[in-house]
Amino acid sequence: MRSLAADVGDLSGTWPLKVAACTLTRALALTESSRDLFATCAHSENKLLNWLSIMGRTYIVEETVGQYLSSINLQGKPFVSGLLIGQCSSQKDYVILATRTPTKEEQNDNLKHPRAKLDNLDEEWVTEHASQVSRMLPGGLVVLGIFIITTLELADDFQNALRRLIFSMEKSMSRKRLWNVTEDEVSERVTLHICSSTKKISCRTYDVHDPKSSARPADWKYQSRVSASWLSLDCTVHVNIHIPLSATSVSYTLEKNTKSGLTRWAKQIENGVYLINGQVKGNDCDLLEGQKKSRGNTQATAHSFDVRVLTQLLLNSDHRSTATVQICSGSVNLRGNVKCRAYIHSNRPKVKDAVQAVKRDILNTVADRCEILFEDLLLNEIPEKKNYELPQRVFVPLPGSTVMLCDYKFGDESAEEIRDHFSEMLDHEIQIEDLEIAEEVNTACMTSSVNSETSLTNTSDEQPEQPKKTIGVKIQQNIGVIAALAVAVLAAGISFHYFSD
């Protein structure tokens, strides 16, 4: 650069050329003198980016969660584990509830030994608890992760067990979903370890979409009234799903055939148009845009939004469809009005996040009801019939929050049974008078017209073999070819006779 500046300084010419040469000389000198400064800034920027990549997520935790975790007593056991429930967002995650996993009766003897290792942690039992609890969460709420409280002797042995557990839970819950995870969605799940003696907390996260993911540190911050002003979105969806049962899937269970049909219906829900308070809003718009804000933050105002879903009846002109003819052994029909509800945090919520929460609640509640029905049929050995009543949805408030959790009950179940199920799954006492039955009896039902070959109890996962076609079926399928051939022969005969005359 100095040689270039010298060459410019030696230029001779008119006055404007000299002024330009002087300006360029000063610019080059400034550039050279600032080069080291720019290099220093670039180095600092790289260090900052590396630091941000190492730094994990921030978890804003309800104070009552901290009180609940502090109240857990090991009672001679080496460890106690449980679930963390809340909501993910792009900037931070919110934890509003913690619930410990119920202990198996046969586990009590195994856990009495003070040196019992965390390798004996029953992954299947904890995973099943997570699946059951996920049914009780409305749209917007998920199982964010797990916590474990151990003795001082096991303080160094917890991480491998938690890693296996967090991946096992995610695999189990994702298998039952009707929706797919988006690319920009948060895929990190949290593990929280607490030492019962020192009360030391270790908070780490794993990317559950990356099997090779390593632990990353996370920030765990307690805050009061985290979900006291969350926004609710209510929606009533009329469901009318017709699921033909192909003869080629005759050895599948009715449950698998139903889920296959729900997968096709889920695409309509995903591609639907969602009206929020009667308006279509842009995905990146603020959900609270146009809402009146109350002065002061001493009393948070709970906002509720009415959501309506418009599904497309016809495909667009640029989509091509192909008609398919199948031999069916029966059909399943799901009909009724289902109550859907979703919640979203009040920290600058986006319309796209609210719509996504509603979509997933619609898909989850229909799929969960069908799954609960099939479980009830198998456990209670209910004889097969044509009409089945889908369970009703029941909501219960979370103390100190605008959020309500949910459960499902059949018509013959009592309110006491629902209360006991809440207590068992969520480890929180509720009052019967707080139960909100959102739907009437027989609001949603399943009607089936199935041949005796389709079984409810067959749990084989093998691909069914193609049924052997009989001569009658072959003739029936080729009847068009036979008719066309007959017409051709008849026409040839008539022509031959005509021309011979």
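Modeller: Lysine 171, for instance, belongs to helix α6, which covers residues 158-174. Two ground rules: this is a predicted model, where local features need pLDDT of at least 70, side-chain atom pairs count only at pLDDT 80 or more, and totals for chains, interfaces and linings use all residues. Residues are numbered from 1 along each chain as its sequence is written, and side-chain values use heavy atoms, with hydrogens and water left out.

Colleague: How many helices and strands does the protein chain have?

Modeller: Eleven helices and 17 strands.

Colleague: And what is the mean pLDDT of the chain?

Modeller: pLDDT is the predictor's confidence in each residue, from 0 to 100. Here the chain averages 78, with 70% of its residues at 70 or more. Take care with residues 37-53, where pLDDT is below 50 and the model has two contacts beyond near neighbours in sequence. A contact, by the way, means heavy atoms within 4.5 Å.

Colleague: What share of the contacts join residues at least 24 apart?

Modeller: Looking at contacts between residues at least 6 apart in sequence, 78% join residues at least 24 apart.

Colleague: Let's go back to Lys171. Is lysine 171 buried or exposed?

Modeller: The general idea is a scale of relative accessible area: buried is under 20%, exposed is over 50%, and partly exposed is in between (1.4 Å probe, protein chains only). Lysine 171 comes out at 57%, so it counts as exposed. For the chain as a whole, 40% of the 501 residues are buried.

Colleague: How do I read a salt bridge, and how many are there?

Modeller: Look for a side-chain nitrogen of Lys or Arg within 4 Å of a carboxyl oxygen of Asp or Glu. That rule gives 18 salt bridges here. In one of them, glutamate 123 pairs with arginine 164, with 3.0 Å between the closest N and O atoms. This pair links distant parts of the chain, 41 residues apart: glutamate 123 is in helix α5 (residues 123-135) and arginine 164 in helix α6. Glutamate 123 is partly exposed at 25%, and arginine 164 is partly exposed at 36%.

Colleague: Which residue forms a salt bridge with glutamate 170?

Modeller: Arginine 177, with the closest N and O atoms 3.2 Å apart. Glutamate 170 is buried, at 9% relative accessible area.

Colleague: And why does the pair of glutamate 371 and lysine 176 tie together separate parts of the sequence?

Modeller: Their side chains meet in a salt bridge, 3.2 Å from N to O. Glutamate 371 sits in helix α8 while lysine 176 is in the loop between α6 and β5 (188-195), so the pair ties together parts 195 residues apart in sequence. Glutamate 371 counts as buried at 14%, whereas lysine 176 is partly exposed at 34%. Salt bridges with shared partners also join Arg135, Lys176, Glu371 and Glu375 into one network.

Colleague: What does arginine 369 touch?

Modeller: Leaving out residues up to four places away in sequence, arginine 369 touches several residues, including Val338, Leu390, Tyr408 and Glu439. Arginine 369 lies in helix α8 (residues 351-379) and is buried at 1%. A polar atom of its side chain is 3.1 Å from the backbone oxygen of proline 391.

Colleague: Which residues make the nonpolar surface patch?

Modeller: Val273, Val280 and Leu310, with about 250 Å² between them. Patch residues have over 30% relative accessible area and no salt bridge; like charges are joined within 9 Å, nonpolar side chains (Val, Leu, Ile, Met, Phe, Trp, Tyr) within 5 Å. Valine 273 is in strand β10 (residues 273-276) and is partly exposed at 35%.

Colleague: Last one: what is the phi of glutamine 75?

Modeller: Positive, about 55°, although glutamine 75 is not a glycine. You'll find glutamine 75 in the loop between α3 (63-71) and β2 (79-88), exposed at 64%. Aspartate 427 also has a positive phi of about 55° without being a glycine. Its place is the loop between α9 (415-426) and β16 (436-437), and at 28% aspartate 427 is partly exposed.

Note on methods:
Accessible areas come from the Shrake-Rupley method with a 1.4 Å probe; for residues, only the protein chains shown count as cover. Helices (H or I, at least four residues) and strands (E, at least two) are DSSP runs, numbered from the N terminus. A polar contact is a pair of N or O atoms within 3.5 Å; within protein, one must be able to donate a hydrogen and the other to accept it, and residues adjacent in sequence count only if both atoms are side-chain atoms.
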